[in-house]
Amino acid sequence: MNRRKFIQLGVVSTGAIATGIDSLRADSPLAAKPQTMVAMPISIAPLAQQDLDTIFADMRERAGVNALFPFMYTHEPHRTGVPPSPSYHGGNYGRPHMKYYQDTPLMFDDMHAPEFGGVDILEGVIPVAKKHGIRVFPFVLEDNSFPKTVPNWQSLYEVDHHGRPTTGHPGGPCFNNPQYQNFTLGLVEDYARSYDIGGMMWGSERQSGFLNTLLLSQSDIQDPGRTTCFCEFCQKKGLDKGIDVDRARAGYVAAEQFVRASRTGKNPRDGYFATFWRLLLQYPEVLAWENLWVTSRHEFQAAIYQRAKSANPKVQIGWHVWQNVSFSPFQRAEENLTDLATCSDFIRPALYNNCAGGRFVSFTKGAHAAVLGDLPPSTACEALLDQLGYNEAPYDKLAATGFSADYVVRETKRSVESVAGHPVQIWPGIDIDVPVSKGESHCTPESVGLAVNAVFNSGAQGIILSRNYTEMKPENLSGAGKALRELGII
Ligand SMILES: [Zn+2]
């Protein structure tokens, strides 16, 4: 079953490799030395500019952190941990070893981050972290914005349904672009072979184009004219699967018109939901194109898993899952963790309960602007909460209260059940001072403690204290540590 699914996901696999992965899981570091994962993501700047012993001692003392997830490859200043500036470049804060990067337009200078003197941060961090009992897992989170200082990225980006190249969120690099595949697979092989790491986490905070067109996103209002992807590689793959590309494109144009009309306040004659459903009946190719995007990302993840494992079987490979999946019944349907179970060692659902209140209100506003336009916003919010199985505050209070720890319980249980029968661990990401807008609730040591308890009382095998050490108030991190000690985890 494992192997068949692996191959279904598009991985070119031999029996030896597939067998090897299963057997190697048994002697993974976790199996050999059972230790509950307590992980901490962190920007690069403190690792480059501050005393590492002080940072790691603080994490250990406050919350028993035993794994570090630095944002190792990014062209986003906030993930690097520096203010935006015209001279900012970003990239790989390790050192690109060029033999791993074949057939990609990105050159050494494109990939190599020059900040902090261009030194290999990863090389410097690993031995110091090890001394503190902390393993290092490079975290590669796809950039939201197109890196303007690296024009060679452009040919890797998606193309919208009008044929225009995208320049950032909600578009991004195309999972079917062989040169983007080569870059990413080269990067994971580079990390897996060049450094003594515990593993890697990869993430992509995006969703399929149709859901963006329909404004079903926690992010700011999207442009419905930017549905992706219609690049030459996606078109060829779609054709090979028997999808009529022109009909798919026409369906997205119709969806764009539906959303634009709703934004001008024109209520559809037959109602929003009936119009949406009719659109699917008239253009079933839209759903086929959606599925192409979703399965292409899963194939991409399976390829990352295979490349990393074949380079270094001991590294643990896992995925960051965007919080939007937990807000959207539509994206929940697309991002079935069961589909990832055969190419994962761990999965981190982002379950930031405090900031979830404001984010869910944003999501509801988007849904209300199209698919759920027939319902008043408060009713749309209630319907979505019911569809997702949550028991949270009403619409007008949600941003001020945030989501409760019960949301963490429900989503952790659902994630654990989704991968049942597979040797995959669930390490939820919990909210410790993820930034919020004015008037929204804030974390406390007690609220963080409740989230920690929710994770471990719901069957998770580890936790990722989120989302960035640099954002956390020390007392709230200590709140996590207190709960972890009471649970006997640390
Ligand atoms: Zn494409």
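Glu285 lies in helix α14, where helices (DSSP runs of H or I, at least four residues) and strands (DSSP runs of E, at least two) are numbered from the N terminus. The model is a predicted one, in which local features need pLDDT of at least 70 and side-chain atom pairs count only at pLDDT 80 or more, while totals for chains, interfaces and linings use all residues. Residues are numbered from 1 along each chain as its sequence is written, and side-chain values use heavy atoms, with hydrogens and water left out.

Glu285 is buried, with a relative accessible area of 17%; buried means under 20% relative accessible area, exposed over 50%, and partly exposed in between, for a 1.4 Å probe and protein chains only. When residues up to four places away in sequence are not counted, Glu285 touches Ile243, Asp244, Arg247 and Ala248, contact being defined as heavy atoms within 4.5 Å. Helix α14 is also the place of His298, a residue that is buried at a relative accessible area of 3%. Between the C-alpha atoms of His298 and Gly81 there are 30 Å in space, and the two are 217 residues apart in sequence.

The packing of α14 against another helix was examined next. Two packed helices are described by the angle between their axes and the distance between the axes. Helix α9 (residues 178-194) packs with helix α14 (residues 284-311) at an angle of about 35°, and their axes are 9 Å apart; the axes are lines fitted to C-alpha atoms, for helices over the stretch in contact, and angles run from 0 to 180 degrees between N-to-C directions. The crossing of these two helices, α9 and α14, is right-handed, a crossing being called right-handed if the near helix is turned clockwise from the far one by less than a right angle, and left-handed if anticlockwise. On the α9 side the contact involves Tyr180, Gln181, Thr184, Leu185, Gly186, Val188, Glu189, Ala192 and Arg193, and these meet Phe300, Ala303, Ile304, Arg307, Ala308, Ser310 and Ala311 in α14. By class, this contact of α9 with α14 has 9 nonpolar, 4 polar and 3 charged residues, where Ala, Val, Leu, Ile, Met, Phe, Trp, Tyr, Cys and Pro count as nonpolar, Asp, Glu, Lys and Arg as charged, and the others, Gly among them, as polar.

Helix α5 (residues 52-63) has 12 residues, which at 1.5 Å a residue should span 16 Å, in agreement with the 16 Å between its end C-alpha atoms; the expected span is 1.5 Å times one less than the number of residues. The buried residues of α5 are Leu52, Ile55, Phe56, Met59 and Ala63. Because these residues cover an arc of only 90° around the axis, they are placed on the same side of α5, the arc being that of the directions from the helix axis to the C-beta atoms. The face of α5 turned away from this buried side carries Thr54 and Glu61, which are exposed. Among the elements that cover the buried residues of α5 are β1 (37-42), α4 (45-49), β2 (67-70), α8 (121-131), β12 (462-466) and α22 (474-486). Just after α5, Gly64 takes a positive phi of about 60°.

Val128 is found in helix α8 and counts as buried at 18% relative accessibility. With neighbours within four places in sequence left aside, Val128 is in contact with Leu52, Asp53 and Phe56. Val128 and Asp160, 32 residues apart in sequence, are 45 Å apart in space, C-alpha to C-alpha.

Several backbone features were also found in loops. Most residues other than glycine have a negative phi, and most peptide bonds are trans. The peptide bond from Thr228 to Cys229 is cis, with omega near 5°, and Cys229 lies in the loop between α10 (209-213) and α11 (232-240). The peptide bond from Ser466 to Arg467 is likewise cis, with omega near 5°, and Arg467 has its place in the loop between β12 and α22. Phe116, in the loop between α7 (108-111) and α8, has a positive phi near 60° and is partly exposed, with a relative accessible area of 22%. Asp433, in the loop between β11 (429-431) and α21 (445-456), has a positive phi near 65°, and this residue is buried, with a relative accessible area of 12%.
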